[in-house]
Amino acid sequence: MIKRRLINGSDSGGIAIDDRGLQYGDGLFETMAATDGRVRNLKLHLARLEEGCRRLRIPMPSPGLIGEECSRVLEGTGNGTVKLIVTRGPGPRSYRPPAEPSVTRIVSSAAAKPRGDSLPPLTVRFCQTRLALNPLLAGMKHLNRLEQVMACRLVCATAANVFIVSGGRLLTPDIRDCGVAGVMRQVVLAAARDLGVNASIEDIRPEALDSADEVFVTNAVTGVRPVGELMGVRKWDVGEVTRAIMTRAHGTDA
């Protein structure tokens, strides 16, 4: 449930019916965890947003303004979740973007979600629906999320990135053709380097799960969460590498 919402800095404004985010999904978003009224890993979220704006040619809002609005929606909240949406703003009825867009900012707060280390291991399954391969949009957290609503494959979970531990190595799929390059994914890769764990980003076939020693997924809000079972295939215990990564990543705030 949304606790507070700001649209272009106002808590009484609305979204134009011709906003391109509503009409075409023409925009980006970030979902961020907050502790004690402060967004965790805000710099990493803003860096990904800025890269997405650059690729979509949407003017990047001021990071200082975004930080201020995040603080406003968190007032009196303490721990929570902040969602930031940036669209290209209103425009004429056409796919062609306006030459001088008027960017829309939507910042909202909601109740906190439990961290992955406080939850039981996940049971996961393969979905029949596959993500379309689109290198032009790969890695960005754009507003076109219907594929994630419907299903996922072994590039990411519907709202998380996938990691496997095999033979002492930490592996995560390359986000080259589809999927989202998550902020917590960056945090985990940095944690692995700090811990001396050999980590690699590469193409991974679903069959790699058959021989995986440990599996976990990551998300900016819930952090690192172990996978305990792939339905109909096999089960895993929470291993040493996963535990070490959880401890390190959950204590990091870039």
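Leu28, Phe29, Glu30, Arg48, Leu49, Gly52, Met140 and Lys141 line the largest cavity of this predicted model. By cavity I mean a set of points, on a 1 Å grid over the protein atoms alone, where a 1.4 Å probe fits but cannot get out; lining residues have an atom within 4 Å of a point. In this prediction, local features need pLDDT of at least 70 and side-chain atom pairs count only at pLDDT 80 or more, while totals for chains, interfaces and linings use all residues. Residues are numbered from 1 along each chain as its sequence is written, and side-chain values use heavy atoms, with hydrogens and water left out.

The whole structure holds one cavity of 30 Å³ or more. Its volume, the space filled by probe spheres set on the points, is about 30 Å³. Both β2 (27-35) and α2 (42-56) supply at least two residues of this lining; these elements are DSSP runs, helices being H or I of at least four residues and strands E of at least two.

I turn to the sheet. Five strands form an open, antiparallel sheet in the order β1-β5-β4-β2-β3, where pairing requires at least two DSSP bridges between two strands.

Finally, the aromatic pairs. The whole structure has two, counted when ring centres of Phe, Tyr or Trp (its six-membered ring) lie within 6.5 Å, with planes under 30 degrees apart called stacked. Phe163 and Phe216 are stacked, at 5.0 Å centre to centre and 10° between the planes. Because Phe163 lies in β8 (residues 160-166) and Phe216 in β11 (residues 214-219), this pair ties together parts 53 residues apart in sequence.

Key:
1 Å grid on protein atoms, 1.4 Å probe; cavity = no way out; pocket = protein on both sides within 12 Å on 5 of 7 lines; lining within 4 Å. Phe/Tyr/Trp six-rings, centres within 6.5 Å; stacked < 30°, edge-to-face > 60°.
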